[in-house]
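Please keep the sequence and the 3D view at hand while reading.

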Amino acid sequence: MMLKAVVFDLDGVITDTAHLHFLAWRAVAKEVGITFDEAFNEQLKGISRMDSLQRILRYGGKEGAFNDKQCLALAGKKNDLYVRSLASLTQDSLLPGIHDLLVAIRGANVRIGLASVSLNAPGILQALGIHNAFDFCADASRIVCSKPDPEIFLAACAGLNVRPEEAIGIEDAAAGIEAINAAGMLSVGIGAGLVHAGLQLHSTRELNWQCLTDFWASRSVLIRN
Ligand code: B16
Ligand code: MG
């Protein structure tokens, strides 16, 4: 079977906005008497805005302390802070190797998709100057079930007009790897501890077209045997 598409997560794979998410959440959490560190923030990677808020409130022992309207206001405050911090993003904010990889995938006539749960994804791609590199970006606002549910990766494959078995997904979060695997795609994990990824890499520095095609070929051998 031929590889027809590569679907990227955004935060942690294409650019590193996790720290900006952390700073914004930390400021909002502090206002309601909750403190957390960057280690806890790991658990928020790939998790939607409202789900992240619920995890923070649970962590701080304040689950159920705020009604829906108050939760929306807290999430809105976090987003305002986060969006303001995105002004610091430039084309230099692409993680190492990503620019060359996008060029190589395009050169091989393989489709490129995005499966980010961030509602800010379109603006981030613009700021990074790579919005034209994608054949299809799944619309996070239409996704009902957050990662680890496969919905967003299935939506990306459908938009790219490929079957999940014909695609590789690349993620930095455990929930994202679960989502890719559940979609029936091949998974590549960036970072430590992603033990369920089909291919584990330490960083995007190791991610290139050759390693993706080798990974795809090795999996074809496994299927033939
Ligand atoms: P927003 P990804 C995710 O991006 C982030 O990892 C996660 O921390 C964030 O809460 C989520 O986007 C929603 O972002 O508040 O901008 O809609 O990893 O799916 O690209
Ligand atoms: Mg991510």
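## A covered strand

In strand β5 (residues 186–190), five of five residues are buried, so the strand is mostly covered. Buried means a relative accessible area under 20%, exposed means over 50%, and partly exposed lies in between, using a 1.4 Å probe and protein chains only. Helices (H or I, at least four residues) and strands (E, at least two) are DSSP runs, numbered from the N terminus. Cover is found on both faces of β5: L186, V188 and I190 are buried on one side, and S187 and G189 are buried on the other.

This is a predicted model, in which local features need pLDDT of at least 70 and side-chain atom pairs count only at pLDDT 80 or more, while totals for chains, interfaces and linings use all residues. Residues are numbered from 1 along each chain as its sequence is written, chains are lettered from A and ligands numbered from 1 in the order in which they are written, and side-chain values use heavy atoms, with hydrogens and water left out.

## The sheet

Which strands does β5 belong with? An open sheet is formed by six strands in the order β3-β2-β1-β4-β5-β6, with parallel pairing. Two strands pair if DSSP finds at least two bridges between them. At the edges are β3 (136–137) and β6 (199–201), each of which pairs on one side only.

Strand β4 (residues 167–171) pairs with β5 in the parallel sense over four bridges. Within this pairing, G169 stands opposite S187 of β5. The pairing of β5 with β6 is also in the parallel sense, over three bridges, and there V188 has L199 in β6 as its bridge partner.

## Aromatic rings

The whole structure holds four aromatic pairs, according to a search. Rings of Phe, Tyr and Trp (its six-membered ring) pair if their centres lie within 6.5 Å; planes under 30 degrees apart count as stacked, over 60 as edge-to-face and the rest as tilted. One of the pairs is F22 with F36, edge-to-face at 5.8 Å centre to centre and with 70° between the planes. Because F22 lies in helix α1 (residues 18–31) and F36 in the loop between α1 and α2 (38–41), this pair ties together parts that are 14 residues apart in sequence.

F40 counts as buried at 5% relative accessibility. One aromatic cluster is made up of F22, F36, F40 and Y59.

## The ligand

Which residues come nearest to ligand 1? There are 19 residues around ligand 1, and I47, S116, S118, L119 and N120 come nearest. A residue is near a molecule or strand if one of its heavy atoms lies within 4 Å of it.

Oxygen atoms of ligand 1 lie 3.1 Å from a backbone N or O atom of L44, 2.6 Å from a polar backbone atom of I47 and 2.7 Å from an N or O atom in the side chain of N120. A polar contact is a pair of N or O atoms within 3.5 Å; within protein, one must be able to donate a hydrogen and the other to accept it, and residues adjacent in sequence count only if both atoms are side-chain atoms. On its own, ligand 1 has 470 Å² of accessible area, and the protein covers 98% of this. Accessible areas come from the Shrake-Rupley method with a 1.4 Å probe; for residues, only the protein chains shown count as cover.

## Loops and backbone

Most residues other than glycine have a negative phi, and most peptide bonds are trans. The bond from K147 to P148 is cis, with omega near 15°, and P148 is in the loop between β3 and α7 (151–160). N109 has a positive phi, near 65°; this residue is in the loop between α5 and β2 (111–114) and counts as exposed at 72% relative accessibility. N161 also has a positive phi, near 65°, lies in the loop between α7 and β4 and counts as exposed at 64% relative accessibility.
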